[in-house]
2 protein chains.
Amino acid sequence: MTASPPLATGAVTGVSGPTISDVARLAEVSIKTVSRVLNHEPGVHVDTRAAVERAIAELRYRPKQSARSLAGARSFLIGLLYYDPSAQFVAGVQQGATMRCREAGYHLVVESLHDDAPDLREQVDRMVSTLRPDGMILTPPLCDNPEVLAALRDSRTPCVLVSPGRHTKDAGRDMPSVRMDDVHAAEETTNLLLSLGHERIAFVKGPSSQSASALRHQGFVRAMKAHRVGIVEDYVIAGRFDFESGVEAAHRLLSLARPPTAVFASNDDMALGVLAAAQALGLAVPGELSIAGFDDSPASGLVWPALTTVRQPKAEMARVAVEMLIAARAGDFDGPAQARGTDFHRVLPHELVVRDSTAAPATQAIAEQARARARERTRPKR
Amino acid sequence: MTASPPLATGAVTGVSGPTISDVARLAEVSIKTVSRVLNHEPGVHVDTRAAVERAIAELRYRPKQSARSLAGARSFLIGLLYYDPSAQFVAGVQQGATMRCREAGYHLVVESLHDDAPDLREQVDRMVSTLRPDGMILTPPLCDNPEVLAALRDSRTPCVLVSPGRHTKDAGRDMPSVRMDDVHAAEETTNLLLSLGHERIAFVKGPSSQSASALRHQGFVRAMKAHRVGIVEDYVIAGRFDFESGVEAAHRLLSLARPPTAVFASNDDMALGVLAAAQALGLAVPGELSIAGFDDSPASGLVWPALTTVRQPKAEMARVAVEMLIAARAGDFDGPAQARGTDFHRVLPHELVVRDSTAAPATQAIAEQARARARERTRPKR
DNA sequence: CTGAAAGCGCTTACAG
DNA sequence: CTGAAAGCGCTTACAG
């Protein structure tokens with residue numbers, strides 16, 4: 001009811017901002033033409049386009065996501081589903097995804113779901129049906145969860161799986177994916193140890209529930225066989241991808257009559273456990289024991305000595321995932337299905353990060369002596 | 001044009017799902033009444049409400065965010081702005097925020113912004129005007145960035161600052177905040193070292209650009225003064241909150257004629273650096289040197305010995321932030337301003353995590369000897 | 001190359 | 001306690 005204060009031309013309600021009509025009025029065209037410019041549709045005269053763009057800039061106009069979403073087929077929202085929030089892996093993926101989304105005018109909605117929540121399907125359903133995201137990015141272990149995949153399939157939401165695992169019957173074989181080559185990376189890491197002169201190389205496996213475990217072990221075996229170096233049964237230990245199981249593995253390995261000169265732990269948390277245990281036992285790393293990890297977690301570069309490890313292309317995988325999602329949007333009802341050509345399943349390059357925890361094995365005498373010392377200190381776990 | 005196949009009652013287009021009209025029809029009420037039930041408005045007959053809820057359940061109906069957002073004042077979207085994606089701090093905040101959002105029927109949109117991007121304001125503007133989030137959560141250092149704060153203030157978007165720093169003129173003194181008591185936490189940590197018998201306690205400061213630095217240092221000073229223990233000037237080193245500056249600090253401290261028996265590094269990354277350096281110099285931790293950190297980063301529990309540190313209530317702060325945002329929504333135009341009472345600035349309890357890197361100082365003789373040994377090995381940095 | 005009309009699925013006043 | 005109408009700000013067919 002109060003008279004509005006003098007405002008710049010075209011200014012509207014101070015709070016809700018200019019609309020497409022304001023732009024149309026200023027540019028002296030219809031809202032349909034503004035819409036065409038907004039969506040980069042072809043068939044707009046270059047002068048008209050310029051006029052509209054000028055009006056948009058002058059009014060600082062931004063189309064409202066909710067209006068576009070309600071009227072059209074796109075929501076400009078991409079969902080990221082993950083389980084362990086503290087996981088470095090997710091942080092890297094999220095970083096890549098937000099960057100690529102911003103570039104494309106999309107926004108990233110994140111949801112942390114417990115892998116075995118009773119209402120998991122319900123939670124996924126709710127997100128999809130209320131938000132209508134244009135696509136979903138799934139990280140392990142959710143990208144291997146049949147319940148989650150089924151919910152998403154039913155909703156016809158385009159998905160991209162990042163580092164998915166075993167493709168069982170219910171899994172996302174029919175869904176596009178982005179991954180790195182775990183087998184090859186593990187092979188390279190093993191080759192590094194072999195090339196340093198190690199022959200007594202131990203391997204600490206991950207849990208069988210995670211697909212990366214088998215792949216990394218496979219790479220280890222392949223490299224050893226290629227170099228005709230025997231794999232000692234006692235040198236292959238089952239771990240759980242956590243620090244504690246790395247500690248346990250180290251105790252078992254270092255109390256052997258003939259302990260290994262190098263340990264390849266198939267993720268950094270376990271490698272950190274091996275390192276901690278070795279140091280606690282008085283072994284010098286890498287002088288008396290070489291250790292390699294996998295993941296390039298932040299901690300791997302913060303310990304002493306810094307861990308040799310494998311860097312996963314986390315952000316890159318996410319960027320590619322977002323691109324696949326945006327490309328697959330609209331038009332094709334069965335989304336990804338038709339893209340099933342060359343790049344339905346993408347594999348991105350990784351990087352072997354050689355740092356300070358790996359070196360040539362000490363000469364026989366010194367090494368034996370050191371390990372004997374360690375063995376003495378090893379007490380049976382209670 | 002083709003005859004639709006037989007479908008269950010009320011079923012609509014397979015892909016877009018049921019609408020509020022479908023629910024209204026099934027419950028034999030108007031859509032307005034369904035809307036009332038959806039929004040938990042009072043003044044709906046209990047029987048009517050029950051009927052509507054039954055219809056909602058039967059149809060598995062979910063209101064569409066975009067339609068609610070376009071028609072109403074809420075978007076059911078909360079934004080989280082952060083800078084460093086790998087930071088453990090952000091991961092904890094995000095975890096708490098997604099959980100609380102889910103409980104409240106909201107969704108979390110994340111945006112990673114570079115603190116000194118040239119188009120920072122533009123980026124914030126774009127997010128706010130296209131998404132119209134009901135609120136924004138800001139983490140350091142963005143919550144202290146005048147440009148970001150100005151953009152948000154202009155857009156009239158309710159904000160909550162998590163762990164904001166110095167309240168300068170342009171800062172968010174007028175915005176609600178959630179934090180922990182850094183001063184008190186640092187005081188407690190110092191008290192722990194003092195109670196173990198340490199008197200020669202060094203302190204590694206953070207960069208002056210970060211507000212936590214001064215607060216933690218203040219807590220250290222307060223504890224030392226309270227116990228009438230002198231603060232040796234050479235024991236207070238300027239760090240940068242990173243691993244490398246921890247290493248440097250350790251080298252400086254351990255090459256002193258009279259080195260400290262304990263080091264309180266004011267964040268974990270620096271404490272990890274001190275630990276690595278000490279171990280590289282052959283010092284036993286905590287036997288010959290006690291080390292305490294701050295943050296409870298994942299790495300702090302993965303090293304050997306595990307670091308004594310302070311756990312910040314990250315997820316809790318985020319939960320509270322989301323609650324403040326939801327509570328402040330609608331009605332009050334100046335949002336948070338009116339809540340300025342008891343809980344405009346909330347302080348949440350932290351936890352001192354005592355682990356294995358702190359112990360009583362070794363007896364004078366042994367300790368001196370150990371440090372002398374270390375001193376010999378210390379080489380001047382080039 | 002451009003536009004007028006209808007409609008997406010809700011909430012907001014307003015009326016009863 | 002309940003509902004009919006209008007409208008949020010866009011895109012979708014469709015027409016010219």
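Which residue in strand 2 of chain A does A:Leu81 stand opposite? A:Leu81 stands opposite A:Glu111.

Residues are numbered from 1 along each chain as its sequence is written, chains are lettered from A and ligands numbered from 1 in the order in which they are written, and side-chain values use heavy atoms, with hydrogens and water left out.

**View 1. Strand 1 of chain A and its two partners.** Strand 1 covers residues 77-82, and six of its six residues are buried (under 20% relative accessible area; exposed is over 50%, partly exposed in between; 1.4 Å probe, protein chains only). Helices (H or I, at least four residues) and strands (E, at least two) are DSSP runs, numbered from the N terminus. A:Leu77, A:Gly79 and A:Leu81 point one way, while A:Ile78, A:Leu80 and A:Tyr82 point the other way. In a regular strand the side chains alternate between the two faces of the sheet. Strand 1 runs parallel to strand 2 (residues 107-112), joined by six bridges; two strands pair if DSSP finds at least two bridges between them. Strand 3 (residues 135-138) also pairs with strand 1 in the parallel sense, over four bridges, and there A:Leu81 stands opposite A:Leu138.

**View 2. The interface of chain A and chain B.** Here 52 residues of chain A are in contact with 52 residues of chain B (heavy atoms within 4.5 Å). The area buried between the chains is about 4900 Å², with 53% given by carbon and sulfur atoms; buried area is the accessible area (1.4 Å probe) that two parts lose on being put together, summed over both. In chain A, the residues that lose the most area to chain B are A:Arg62, A:Arg102 and A:Leu302, together 15% of what that side buries.

**View 3. Salt bridges between the chains.** The rule finds six salt bridges across the interface of chain A and chain B (a side-chain nitrogen of Lys or Arg within 4 Å of a carboxyl oxygen of Asp or Glu). One of them joins B:Asp125 and A:Arg60 at 3.6 Å, N to O. The side chains of B:Arg102 and A:Glu111 also meet in a salt bridge, at 2.9 Å, N to O. This pair crosses from helix 5 (residues 88-104) of chain B to strand 2 of chain A. Both B:Arg102 and A:Glu111 are buried.

**View 4. A salt bridge within each chain.** In chain A, the closest N and O atoms of A:Arg355 and A:Asp296 are 3.2 Å apart. A:Arg355 lies in the loop between strand 12 (351-353) and helix 13 (364-377), and A:Asp296 in the loop between strand 9 (290-292) and strand 10 (309-311), 59 residues apart. In chain B, B:Asp296 and B:Arg355 meet in a salt bridge at 3.2 Å, N to O. These two residues lie in separate loops of chain B, so the pair ties together parts that are 59 residues apart in sequence. B:Asp296 counts as buried at 19% relative accessibility, whereas B:Arg355 is partly exposed at 24%.

**View 5. Confidence along chain A.** Chain A averages a pLDDT of 87, and 85% of the residues score at least 70; pLDDT is the predictor's confidence in each residue, from 0 to 100. Over residues 1-14 the pLDDT is below 50. Where pLDDT is low, the predicted coordinates should not be read in detail.

Terms used
Predicted model: local features only at pLDDT ≥ 70, side-chain atom pairs only at ≥ 80, totals over all residues.
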